[in-house]
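The sequence and the model are shown here.

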Amino acid sequence: MTRTLDYLLDRNVAWSLAKTRDDPAYFRRMAEQQSPSYLWIGCSDSRVTANDVLGLDPGEVFVHRNIANVVHTSDLNILSVLEFAIQHLRVRHIIVCGHYGCGGIERALSEERSAMVDHWLQPITMFHRKHRAHFDRLSSRTALLDRVSELNIEMQVRRIATMPLVENAWSRGQDLHLHGWIYGMHDGLIRDLGPHVSSIEERDALPSIDQRVFHAEEPASGLRRHALEAFGSLKLTDDLASPSCCMPDEH
Ligand SMILES: [Zn+2]
């Protein structure tokens with residue numbers, strides 16, 4: 001039986017040496033006080049690590065993760081993280097980032113109700129039950145899971161926006177922006193779903209999460225919007241914009 005994890009400690013030494021070789025000042029910088037501009041609230045899924053998917057060094061993003069990126073307003077853990085991030089680190093952006101293919105969302109929509117995690121996921125389960133008639137009209141199980149994943153993110157952003165901690169920050173004029181994002185496991189890309197909220201007025205102007213359920217949007221709305229924007233910003237060369245092979249014969 002392996003009683004120690006020496007192979008992991010060996011990997012750590014190799015990593016530290018490689019980092020130092022590539023950037024001799026790396027650990028000197030890391031040892032200084034952190035001053036990240038971002039708080040990331042994401043899923044515990046081992047495939048979605050904030051620093052990796054954002055391409056950021058340690059120290060650049062403050063991170064809180066839990067199953068299905070749920071914000072419980074009585075959760076001391078997330079309340080402490082939010083307080084520290086807002087009042088001490090003075091982050092400018094709070095990002096709730098969920099992901100497609102989330103096992104937590106799948107569990108919340110299942111009939112299984114036998115574990116602690118089912119208490120944790122209760123808000124998602126109840127939200128799905130409340131709008132079941134609408135969700136049942138979606139074309140497939142995948143479409144359902146994608147849509148609930150997206151709406152769950154929107155719901156959590158709204159919850160953060162109603163917290164006294166956040167309201168107080170806005171009331172004293174602190175520059176603080178909330179964002180809802182979703183990550184695609186299949187391509188490594190993040191989609192900006194919204195909502196974007198930067199003030200009490202913007203929060204109060206948002207449609208309720210129940211209204212959002214009936215918004216006529218395709219299940220993979222974030223993915224579609226992102227793709228359209230990406231294609232829209234492409235600068236096509238003349239050859240690409242008018243491929244000769246496809247042009248009608250002018251003769
Ligand atoms: Zn997940």
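The model is predicted. It contains an open sheet of five strands in the order S2-S1-S3-S4-S5, and the pairing is mixed. Strand S2 (61-66) and strand S5 (189-192) form the edges, each pairing on one side only. From one strand to the next the twist averages 25°.

## Parallel pairings around S3

Strand S1 (residues 38-43) and strand S3 (residues 93-99) run parallel and are joined by five bridges. Within this pairing, Trp-40 has Ile-95 of S3 as its bridge partner.

S3 also pairs with S4 in the parallel sense, over seven bridges. Here Ile-95 stands opposite His-179 of S4. Six of the eight residues of S4 are buried, so the strand is largely enclosed by the rest of the structure. Helix H9 (residues 141-161) lies across S3 and strand S4 (177-184), and runs at about 160° to S4.

## The S4-S5 hairpin

The pairing of S4 with S5 is antiparallel and has four bridges. Ile-182 stands opposite Arg-191 in S5. Four residues lie between the two strands of this hairpin, and Gly-188 takes a positive phi near 75°.

## Helix H4

Helix H4 (residues 76-89) has 14 residues and reaches 18 Å from its first C-alpha to its last, close to the 20 Å expected at 1.5 Å a residue. Which residues of H4 are buried? They are Ile-78, Leu-82 and Ala-85. These residues cover an arc of only 70° around the axis, which puts them on the same side of H4. An α-helix has 3.6 residues a turn, so residues three or four places apart point the same way.

S1, S2 and helix H10 (164-171) are among the elements that cover the buried residues of H4. The other side of H4 carries the exposed residues Leu-76, Asn-77, Ser-80, Glu-83 and His-88. Just after the helix, Arg-90 takes a positive phi of about 55°.

## Helix H1

Helix H1 (residues 6-22) has 17 residues, which should span 24 Å at 1.5 Å a residue; its end C-alpha atoms are 24 Å apart, in agreement with that value. How many of its 17 residues are buried? The count is zero, and H1 is hardly covered.

Methods
Residues are numbered from 1 along each chain as its sequence is written. This is a predicted model: local features need pLDDT of at least 70, side-chain atom pairs count only at pLDDT 80 or more; totals for chains, interfaces and linings use all residues. Two strands pair if DSSP finds at least two bridges between them. Axes are lines fitted to C-alpha atoms, for helices over the stretch in contact, and angles run from 0 to 180 degrees between N-to-C directions. Two residues are in contact if their C-beta atoms, placed from the backbone, lie within 7 Å. The expected span of a helix is 1.5 Å times one less than its number of residues. A residue is buried if 20 or more other C-beta atoms lie within 10 Å of its own, exposed if 12 or fewer, and partly exposed in between; C-beta atoms are placed from the backbone. The arc is that of the directions from the helix axis to the C-beta atoms.
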